[in-house]
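This briefing goes through one protein model by topic. It starts with the overall fold and ends with individual residues.

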Amino acid sequence: MQRITGLLVGAVFGAVFVLVNAQSPLSAVAVTLLRVSACLGAASVLTMWFLTARRVRSAEGRRNMFGRGYLIVVAAEAILIFGGIRVLAALGRPEQANVAWVAFVVGVHFIALAPIWKDWGIAVPGVALTLLGATGLVLASTAAVAWVPFVGGVLPGVALLIGSITFGWRTMAARPA
């Protein structure tokens with residue numbers, strides 16, 4: 001149950017990344033398609049959560065995924081996100097760099113959680129978010145700065161949604177009926 005809850009959190013954050021960052025220079029049609037797809041993706045993970053919750057209530061003897069290691073990683077993540085945004089502002093970086101920084105830190109957070117949770121599958125979207133965030137940070141220093149919300153926000157959101165949906169299906173398939 002904890003795993004599917006983590007996937008739900010990832011799907012919600014992925015949808016938020018897309019909803020907030022799908023904007024110009026994308027066309028209005030592309031923006032609408034991305035936003036609708038993100039909402040449908042998050043809704044599908046929510047549906048998987050409800051379906052899994054009904055079947056898993058009795059399996060409460062599992063390890064706590066949200067223990068000390070998790071709390072340390074999340075605390076470091078919060079410090080890095082908010083501290084990093086202040087540093088970017090102090091360095092005069094464009095505001096668009098903030099979303100790329102958030103994606104970078106969130107990606108590193110998944111990579112750091114992989115050994116703690118003993119689940120290397122979460123490192124895959126972590127690497128994707130880290131690389132997309134780093135790419136967005138580089139773009140923020142170029143004439144392509146308008147594309148940073150897409151590269152550093154929309155694409156990481158899509159990666160989170162695809163990862164959440166994929167692992168949600170695998171979790172549901174692994175559960176006894």
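The model is predicted. The protein has six helices and zero strands, so the order of elements from the N terminus, by the DSSP runs used here, reads α-α-α-α-α-α. Buried residues account for 41% of the 177 residues.

**Overall dimensions**

- The radius of gyration is 17 Å, which agrees with the value near 16 Å that a compact globule of 177 residues would have.
- The C-alpha trace spans about 55 × 40 × 20 Å along the principal axes of the protein.

**Nonpolar cores**

- The largest nonpolar core has 24 residues, and the members that touch the most other members are Phe-17, Val-106, Phe-110, Ile-122 and Leu-129.
- Two or more residues of this core come from each of helix H3 (68–90), helix H4 (97–117), helix H5 (123–139) and helix H6 (148–174).
- The most is given by H4, with 12 residues.
- A second, separate core holds 18 residues, including Val-31, Met-48, Trp-49 and Phe-167.
- Leaving out residues up to four places away in sequence, Val-106 touches Glu-77, Ile-81 and Leu-129.

- H4 has 21 residues, and its first and last C-alpha atoms are 30 Å apart, close to the 30 Å expected at 1.5 Å a residue.
- Just after H4, Lys-118 has a positive phi of about 55°.
- Asp-119 sits in the loop between H4 and H5.
- The relative accessible area of Asp-119 is 18%, and Asp-119 therefore counts as buried, the cut-off being under 20%.
- Not counting residues up to four places away in sequence, Asp-119 is in contact with Arg-3 and Ala-114.

**Helix H5**

- H5 has 17 residues and reaches 24 Å from its first C-alpha to its last, close to the 24 Å expected at 1.5 Å a residue.
- The buried residues in H5 are Ala-123, Pro-125, Gly-126, Leu-129, Thr-130, Gly-133 and Gly-136.
- These residues lie on the same side of H5, because they cover an arc of only 155° around the axis.
- The packing partners of the buried residues of H5 are H4 and H6.
- Val-124, Leu-131 and Val-138 are exposed, and they are carried on the face of H5 turned away from its buried side.

**Aromatic pairs**

- A search of the whole structure gives six aromatic pairs.
- One of them joins Phe-66 and Tyr-70, with edge-to-face geometry: 4.9 Å centre to centre and 80° between the planes.
- Phe-66 is partly exposed, at a relative accessible area of 27%.
- Trp-147 and Phe-150 form another edge-to-face pair, at 5.8 Å centre to centre with 85° between the planes.
- Both residues of this pair are partly exposed: Trp-147 has a relative accessible area of 35%, and Phe-150 has one of 22%.
- One aromatic cluster is made up of Phe-66, Tyr-70 and Trp-117.

**Tyr-70 and its surroundings**

- Tyr-70 is part of helix H3.
- Not counting residues up to four places away in sequence, Tyr-70 touches Met-65, Leu-113, Ile-116 and Trp-117.
- The C-alpha atoms of Tyr-70 and His-109 are 9.4 Å apart in space, while the two residues are 39 residues apart in sequence.

- Leu-80 has 44% relative accessibility, so it counts as partly exposed, between the limits of 20% for buried and 50% for exposed.
- Leu-80 touches Ile-85, Trp-101 and Val-105, with residues up to four places away in sequence not counted.
- Leu-80 and Met-65 are 15 residues apart in sequence, and their C-alpha atoms are 22 Å apart in space.

Note on methods
Residues are numbered from 1 along each chain as its sequence is written. This is a predicted model: local features need pLDDT of at least 70, side-chain atom pairs count only at pLDDT 80 or more; totals for chains, interfaces and linings use all residues. Side-chain values use heavy atoms; hydrogens and water are left out. A nonpolar core is a set of buried Ala, Val, Leu, Ile, Met, Phe, Trp, Tyr and Cys residues joined through side-chain atoms within 4.5 Å. Buried means under 20% relative accessible area, exposed over 50%, partly exposed in between (1.4 Å probe, protein chains only). Helices (H or I, at least four residues) and strands (E, at least two) are DSSP runs, numbered from the N terminus. Contact means heavy atoms within 4.5 Å. The expected span of a helix is 1.5 Å times one less than its number of residues. The arc is that of the directions from the helix axis to the C-beta atoms. Rings of Phe, Tyr and Trp (its six-membered ring) pair if their centres lie within 6.5 Å; planes under 30 degrees apart count as stacked, over 60 as edge-to-face and the rest as tilted. The radius of gyration is taken over C-alpha atoms; the globule rule is 2.2 Å times the number of residues to the power 0.38.
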